[in-house]
Amino acid sequence: MRTKFLVALFAVFCLWSCQDWGEMDPPAGNQQKPTLKELASYTFDDLGSDVSIGVYQGGKAPKLVVDKQLEVVLELDGGYVSYSNPLQFYTLQEAASLTGWVKLNESDEDTPIFCFSDETGSKKLMFTANSDLYYNEEKLNTNSLLLTAGEWHWFSVAVKPDSYAIYIDGVAIDGTITNDESVATVSRAVTSGEVMSFMTEASKLYFGYGSKEKPVKMWIDEVSVYKNLITEKEIAKPELPEIGEGGDSGEGDGPTYENPYILGAPDCSTGWWSEFSPIMKADGDCIFHHRFVNHTNGLNAWNNWVLGISNGKLPNEEGYQEYAIVRADNWGWLNGNGDNTIDKSGYPLSNTYDLTNGWTLFCQEMEGAVVDLTIQRKGSTLTMNADIVTKSKLNWTYSWTYGAIPNGELGVFLTVDGSYLEIDLEEAYVGNVWDKNENIVGNKDFTTPFFGDISEVMTVAGDCKLGCQFINHRSSTGQNWNNWLLAICNGIERGASGYEEYASVRADNWGWIGNQLYDDGHAIANSKYPFESTFNWDTFLNDMSDATINMVLSREGDTFTMDATIMPSSGNEITYKWVYPELVADEVGFYLSVDGSYLDIITQVTYPFIANIK
């Protein structure tokens with residue numbers, strides 16, 4: 001993994017210091033060969049503060065993971081990232097080129113690797129896992145190669161005014177680059193310079209986005225964007241370390257959290273059942289998430305992290321009832337009875353651990369391992385899934401499905417045994433999940449008036465972070481405002497005595513500040529704190545029909561932030577944001593509502609420990 005991070009996301013600004021907009025190579029008449037120049041290098045050592053993140057329906061948020069060959073890489077599992085196009089505002093004489101690594105979890109010819117898009121998403125240039133280039137859904141190349149799953153592939157793509165060249169692992173798939181200066185013309189005739197010109201006009205460069213359907217899980221790393229034509233040096237597949245070899249020993253190079261919650265003594269002296277993490281609890285169908293670094297004394301396989309599942313109480317609290325204990329070493333028991341082991345229950349644990357030499361390697365690899373743990377209850381079924389990146393960058397999974405979990409309040413906590421954990425409190429969340437058509441706000445015939453029905457009020461105090469996903473349904477005859485609404489209040493339900501509203505936000509770049517003061521004088525658009533959005537008003541009504549909205553609400557001090565990612569059925573991402581620095585209140589409530597529309601709420605989560613992070 002290269003350590004440089006040249007991402008030219010601020011190319012529009014940075015170029016002021018070195019060249020003017022529209023700068024081009026010297027004209028051909030002066031006999032100078034255009035110079036190859038790397039404009040951006042996406043090494044994904046971090047995502048950067050200027051990244052935009054989106055999720056397909058049913059997908060997961062992008063994240064950085066540790067790979068056993070390329071170290072830190074970008075993992076996309078139905079999610080995607082976008083940056084400002086580093087080629088924008090350039091005038092290219094010769095070519096535009098890209099190279100990079102990609103690995104698929106399963107082969108799929110429609111999965112997008114990268115995509116250039118204009119601001120509205122109406123024009124796209126997309127490169128897929130079938131080694132195909134599509135310009136506005138029209139395939140450009142003649143020959144294709146479907147990438148095999150489970151291994152890293154090096155792609156190289158060059159676009160000239162009238163031709164294209166595509167290489168996979170250094171081998172030409174369609175078109176060739178000869179003597180570092182020409183590309184063989186492929187069969188499709190295009191308007192001279194049409195595609196290459198679009199690459200400099202597009203405003204965004206996406207990774208993992210561009211298809212209508214959710215892509216398969218993949219990993220991307222070390223993508224470079226070049227002005228002009230790449231050479232044999234850039235096309236050649238770089239040498240990869242052997243699997244398990246890694247670039248470093250793995251010792252002491254795991255992720256560090258700015259303010260981790262330390263569970264257990266750092267010398268691994270904490271004994272069994274003597275210390276517990278704060279508990280997260282929820283009723284009904286629910287989801288829990290933790291991310292932490294595991295440390296072990298290495299003596300026994302059970303000297304690692306342990307998951308506890310209860311009736312919402314910790315072991316040291318009165319009324320504690322234990323439903324399950326799951327150890328990291330493929331062992332556990334049910335209902336507080338150590339003899340009632342999970343392996344005898346008919347619901348066995350499963351893992352991808354390397355146990356070729358017994359538990360010796362496991363004990364070694366779990367020191368410094370990063371564990372991403374999710375627990376979900378649906379009805380009487382509980383599922384657990386742990387994605388583990390070990391000391392030597394091995395990727396393991398550990399999972400369990402249990403079909404007899406009780407109803408009522410459910411609690412999740414962690415404990416240790418001859419081990420300790422560094423828990424990332426910023427990644428800990430808990431909430432509820434619903435199937436489609438299970439949590440509806442508003443009438444399905446679109447007759448519910450302005451604020452005529454509301455979702456459950458989510459009330460928090462102090463600094464907080466909440467998230468929700470819902471599907472917006474609007475009438476084909478509705479107006480811009482006949483969509484979802486968000487209200488920020490004092491935590492009291494609308495219509496009840498003492499209710500006070502601080503602000504309300506409509507889906508269409510409109511809203512009001514004040515206690516139910518819905519007039520132009522209190523409009524957010526006319527205030528000091530207007531919205532930021534990428535709406536296309538020519539397509540807005542169609543975009544909002546059946547759109548999936550992923551919304552994150554956060555508060556730090558008196559500053560409230562709404563960050564919404566809107567995914568229309570057409571697949572063109574829209575962003576919508578509002579920052580309001582004058583939310584002065586001790587307790588704040590949030591809820592969704594409608595106006596001649598209805599909502600289908602899918603998830604609603606809180607990050608319960610945000611206020612504890614200093």
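Where does Asp-546 lie? Asp-546 is in the loop between helix H5 (540-544) and strand S39 (547-556); helices here are DSSP runs of H or I with at least four residues, strands are runs of E with at least two, and both are numbered from the N terminus.

Quick background, everyone: this is a predicted model, where local features need pLDDT of at least 70 and side-chain atom pairs count only at pLDDT 80 or more, while totals for chains, interfaces and linings use all residues. Residues are numbered from 1 along each chain as its sequence is written, and side-chain values use heavy atoms, with hydrogens and water left out.

Asp-546 isn't a glycine, yet its phi is positive, about 60°. At 42% relative accessibility, Asp-546 is partly exposed (buried is under 20% relative accessible area, exposed over 50%, partly exposed in between, with a 1.4 Å probe and protein chains only).

Asn-437 is another non-glycine with a positive phi, near 70°. You'll find Asn-437 in the loop between strand S31 (429-433) and strand S32 (440-441).

Now, cysteines. How many disulfides does the structure hold? It holds 0, a disulfide being a pair of cysteine sulfur atoms within 2.5 Å. Cys-115 is buried, because its relative accessible area is 0%. Cys-286 counts as buried too, at 0% relative accessibility.
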